[in-house]
Amino acid sequence: RRVHGVMSGKGGVGKSSVTVQLALALWRAGLRVGILDVDFCGPSVPRMMGLMGCEVRRCSAGFVPVYADAAGAGAALLESGAAPPRLPVMSLGFLLDSADAAVIWRGARKHAYINELLENVAWGRLDLLLVDTPPGTSDEHLSLVAAMQMRCRSDPKQSSTSWGVLMVSTPQRLSLQDVTRQITMCEEMSRGGPTRGCSSVPLLGLIENMSGYACPHCQHCSHVFSSGGAEALAHARGLPFLGRIPIDVAMMKRLDAGQVLHGVTTDSGCGDMPSDHFHDIAMSLLESCASKVGGSDTAHTLPLPAVDDASLTPASG
């Protein structure tokens, strides 16, 4: 299973929106890509994907994820004769009693729940799993990294090329300071592993989000959060710089409305369209992963038994 965690160290830099839009870029490229939302502070992926109110059920293999291209706002795609669904989503948000419910858990319960979501979701055949994480360097990140390190050590078929971490930052200094702490955390956990390579934390690259805003009246591009800071940090830490994502008001409205599966993104006025940026980032990730595994792009298969509706039971939080 190829797993990419999306981290930043700071809240408000757009980890969830980057995760969703990157997943959509991979999906539009024909891949089967899953989204796992472990942001206990604010599980916002269901709203962004238009899946509010959808229910998660259980089968013999665990949770059955919600397919964004076959449920909620994506139901019209399935009815229109599109290809079989290949965009599964699992989030704690599906299990909360209400959209306003707070997750007040201590570390041990968070750790157990993350392990359950990593091991007991019937994803089916996936090319890539993107994991949206909360801000900070806290229990959720430690649990995710430790689980992947354990998988690498216990399964000889797994390697450091089968997973990794994407860093997201806005260009200003305060955000860069926090993402630097996240990078340091990953480096320290790599040094703490018993063997490098299998237990290291692969850093796949850095994305600069909210890089430029175009005035809707004159189309002048203003760098309200500065520009180039994430690229400079990537070079300083020896990481790949994956690209800049400008502020896109139209996309922001679609994320709020849960309509990201529909519509065309307009030119931001700050270079190419944001959707083009995400396509380029997605292709760079695929090329990097393929080169590391000798050009193979074979999807990994996770257990998904053939079950009918009668065998499914509602999942409770």
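Reader: Which residue in S8 stands opposite Val-3?
Author: Val-3 stands opposite Leu-129 in S8. Strand S1 (residues 3-7) pairs with S8 in the parallel sense over four bridges; two strands count as paired if DSSP finds at least two bridges between them, and the strands (E, at least two residues) and helices (H or I, at least four) are themselves DSSP runs, numbered from the N terminus. Please keep in mind that this is a predicted model, in which local features need pLDDT of at least 70 and side-chain atom pairs count only at pLDDT 80 or more, while totals for chains, interfaces and linings use all residues. Residues are numbered from 1 along each chain as its sequence is written, and side-chain values use heavy atoms, with hydrogens and water left out.

Reader: And how many bridges join S2 to S8?
Author: Five bridges join them, and the two strands run parallel.

Reader: Is S8 mostly covered or mostly open?
Author: Strand S8 (residues 128-132) is mostly covered, with five of its five residues buried, where buried means under 20% relative accessible area, exposed means over 50%, and partly exposed lies in between (1.4 Å probe, protein chains only). In a regular strand the side chains alternate between the two faces of the sheet. In S8 both faces are covered, with Leu-128, Leu-130 and Asp-132 on one side, and Leu-129 and Val-131 on the other.

Reader: What else does Asp-39 touch, and is Asp-39 buried or exposed?
Author: Leaving aside residues up to four places away in sequence, Asp-39 touches Ser-16, Asp-132, Thr-133, Pro-134 and Pro-135, a contact being heavy atoms within 4.5 Å. Asp-39 counts as buried because its relative accessibility is 8%.

Reader: OK, switching to S9. What does S1 do with S9?
Author: S1 and S9 pair in the parallel sense over five bridges, and Met-7 stands opposite Met-167 in S9. S9 also pairs with S10 over five bridges, again in the parallel sense, and there Met-167 stands opposite Leu-206 in S10. Strand S9 (residues 163-169) is mostly covered, since seven of its seven residues are buried. Trp-163, Val-165, Met-167 and Ser-169 lie on one side, and Gly-164, Leu-166 and Val-168 on the other.

Reader: What stands out about the phi of Met-210?
Author: The phi of Met-210 is near 60 degrees, a positive value in a residue other than glycine. Met-210 belongs to strand S10 (residues 203-214), and with a relative accessible area of 22% Met-210 is partly exposed.

Reader: Now helices. How many residues of H1 are buried?
Author: In H1, 13 of the 14 residues are buried, so the helix is largely enclosed by the rest of the structure. After H1 comes Gly-30, with a positive phi near 100 degrees.

Reader: Which residues touch the most other members of the largest nonpolar core?
Author: Met-49 and Met-90 do, in a core of 83 residues. H1 gives the most to this core, with eight residues. A nonpolar core here is a set of buried Ala, Val, Leu, Ile, Met, Phe, Trp, Tyr and Cys residues joined through side-chain atoms within 4.5 Å.

Reader: How many disulfides does the search find?
Author: The search of the whole structure finds zero, a disulfide being a pair of cysteine sulfur atoms within 2.5 Å. As for individual cysteines, Cys-59 is buried at 12% relative accessibility, and Cys-186 is buried at 0%.

Reader: Last one, the whole chain: what share of it is buried?
Author: Of its 317 residues, 52% count as buried, and the secondary structure comes to nine helices and 14 strands. Among contacts with a separation of 6 or more, 75% join residues 24 or more positions apart.
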